Amino acid sequence: MLESLSNKLQGIFSGMRSKGRLTEEDINSAMKEIRMALLEADVNFMVVKEFVAKTKERCMRAEVLDSLNPTQNVVKIVLDELTELLGGESPNFNFSSRIPNVIMMVGLQGSGKTTASAKLAYLLKKQNHQPLLCACDVYRPAAIDQLETLGNEIGVRVYRSESKDPVTIAKEGIRDAIDSMRDVVIIDTAGRLHVDEDMMAEAEAIRDAVQPERIYMVVDAMTGQDVVNVAQAFAERVDFDGVIMSKMDGDARGGGALSIRQVTGKPIMYISSGEKPDSLEAFHPDRMAKRILGMGDMVSFIENAVASADAKVEEDEAMRMATGNLNLNDFIEINRRIHKVGGIQKMVAALPGGDKALASGKLDTKALDRMEVIISSMTAEEREKPELLNGSRRLRIAKGAGVSVSDVNQVIKKFNEAKKLIKRQMAGMNGMSTKNKKGGKKGKGRRGRLNMPGIGGMSVNDLKNLQKMMDE
């Protein structure tokens with residue numbers, strides 16, 4: 001999402017850096033290019049006009065033009081204004097003392113509302129809530145079955161009723177949540193292909209009947225400026241509290257994401273990139289602005305890594321990790337951990353300039369998958385004792401995996417390099433020693449066990465400390 005805009009903005013700043021000092025004419029030219037890039041991304045015209053005016057005013061000040069690094073100051077100003085455009089501070093949803101809290105989902109048909117309801121339930125479940133999904137879309141064929149299927153996949157109960165009245169179903173769902181000790185009810189309402197009076201009246205009736213703590217409007221990020229018009233209509237009638245942007249991984253222009261906060265005054269609460277239940281994430285304006293400007297988003301990546309990493313493992317396995325005495329089974333485990341947080345693509349995309357590296361096509365994003373296929377062709381003994389891999393064994397493995405011996409040799413080489421790297425990281429970060437001060441046996445570390453490396457040999461605590469440093 002917004003890759004084209006990101007590339008254009010980065011190109012504009014790259015051209016400015018080559019000039020050293022900047023004149024007013026340079027600023028004017030850059031602002032014209034930024035205006036065009038935003039309009040081509042389908043950002044609302046009035047939003048673009050105001051954004052460029054505010055940005056230009058700040059960039060024209062003497063302290064910017066006369067500074068030692070004016071381009072860097074301009075980039076900082078654009079980052080600040082883009083963050084403000086997207087909402088400024090990250091929005092929060094504080095649960096009330098009411099049991100259950102009720103969240104109502106509204107939006108057009110096809111916006112991804114039912115899927116977003118399930119994803120939100122999954123996210124709340126991970127936060128130790130007990131959500132209940134309530135199926136109130138009685139019009140779209142198989143809508144209730146779809147929600148129930150999604151609920152089964154994530155282990156969240158779905159309330160369905162024989163009633164054809166959405167208001168009655170919503171009330172029944174809340175009563176069921178009270179009886180079954182659920183603290184959150186997510187109501188999936190019906191949508192239409194376009195805004196009409198019946199849909200709005202029904203949404204108002206459900207809202208008045210259940211008095212939800214939050215109303216979230218789900219919008220398709222790929223619909224461009226149309227999403228702003230739809231959001232305005234819902235804001236006037238239903239007065240929703242926030243937006244969930246679905247399909248953020250699409251290839252459309254996506255300017256609606258940059259327009260909706262400014263036009264409606266409603267914050268973007270969550271964004272969804274992908275079909276998996278865990279693809280819904282809280283929206284952070286500052287992180288999205290950095291992504292658009294090619295500055296990466298390591299904070300979000302580290303948060304996902306911390307969430308997916310196991311805190312502890314058995315002592316012998318942890319000690320093997322800490323000392324760098326890995327075997328090829330551990331290598332596969334590290335590979336799978338990378339996949340858990342989105343794969344090598346997401347890891348690279350989180351780095352500054354990572355989007356360009358992915359767009360260049362030079363990054364081999366399938367390398368880890370091929371590596372696992374090759375390792376899987378080895379015997380259990382060979383995976384545990386890689387030193388056994390002589391020439392004849394490597395030839396057999398290559399034939400079994402359908403690759404060349406050279407490919408097998410590359411895997412072994414990368415494995416040996418990883419062992420050295422992880423050994424250095426663990427020795428430096430965890431302060432581990434194979435002997436204690438008295439020259440005794442290997443210690444167990446804090447609490448009698450060692451932390452399991454989360455990504456590339458970094459422990460969960462290491463990741464949390466890095467996250468804290470970046471937040472500061």
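Trainee: Why are α1 and α5 called roughly antiparallel to each other?

Mentor: This is a predicted model, and in it helix α1 (residues 3–17) and helix α5 (residues 70–85) pack at an angle of about 155°. Angles over 145 degrees count as roughly antiparallel, so α1 and α5 are placed in that class.

Trainee: What else describes how α1 and α5 pack, besides the angle?

Mentor: Two packed helices are described by the angle between their axes and the distance between the axes. For α1 and α5 the axes are 9 Å apart. The crossing in which α1 passes α5 is right-handed.

Trainee: Which residues make the contact between α1 and α5?

Mentor: From α1 they are F13, M16 and R17; from α5 they are T71, V74, V75 and V78. Sorted by class, this contact has five nonpolar residues, one polar and one charged.

Trainee: What makes α6 and α7 roughly parallel or roughly antiparallel?

Mentor: The axes of helix α6 (residues 113–126) and helix α7 (residues 143–154) cross at roughly 25°. The cut-off for roughly parallel is under 35 degrees, and therefore α6 and α7 are roughly parallel to each other. Their axes come within 10 Å, and the crossing of α6 and α7 is right-handed.

Trainee: Which residues of α6 and α7 meet?

Mentor: On the α6 side they are T114, T115, S117, A118, A121, Y122 and K125. On the α7 side they are A143, Q146, L147, L150 and I154. By class, the contact of α6 with α7 has seven nonpolar, four polar and one charged residues.

Trainee: How do you know whether D176 counts as buried or exposed?

Mentor: Its relative accessibility is 15%. Buried means under 20%, so D176 counts as buried. D176 is found in helix α8 (residues 166–179).

Trainee: What does D176 touch, not counting residues up to four places away in sequence?

Mentor: With those left out, D176 touches L132, R157 and Y159.

Trainee: How much of the protein is made up of buried residues?

Mentor: Of the 472 residues in the protein, 49% are buried. The accessible surface comes to about 23,300 Å², and carbon and sulfur atoms account for 49% of that surface.

Trainee: How many helices and strands does the protein have?

Mentor: The secondary structure comes to 22 helices and ten strands.

Trainee: What share of the contacts with a separation of 6 or more joins residues 24 or more positions apart?

Mentor: Such residues account for 74% of those contacts in the protein.

Conventions:
Residues are numbered from 1 along each chain as its sequence is written. This is a predicted model: local features need pLDDT of at least 70, side-chain atom pairs count only at pLDDT 80 or more; totals for chains, interfaces and linings use all residues. Side-chain values use heavy atoms; hydrogens and water are left out. Axes are lines fitted to C-alpha atoms, for helices over the stretch in contact, and angles run from 0 to 180 degrees between N-to-C directions. Helices (H or I, at least four residues) and strands (E, at least two) are DSSP runs, numbered from the N terminus. Angles under 35 degrees count as roughly parallel, over 145 as roughly antiparallel, 65 to 115 as roughly perpendicular and the rest as oblique. A crossing is left-handed if the near helix is turned anticlockwise from the far one by less than a right angle, and right-handed if clockwise. Contact means heavy atoms within 4.5 Å. Ala, Val, Leu, Ile, Met, Phe, Trp, Tyr, Cys and Pro count as nonpolar, Asp, Glu, Lys and Arg as charged, and the others, Gly among them, as polar. Buried means under 20% relative accessible area, exposed over 50%, partly exposed in between (1.4 Å probe, protein chains only). Accessible areas come from the Shrake-Rupley method with a 1.4 Å probe; for residues, only the protein chains shown count as cover.
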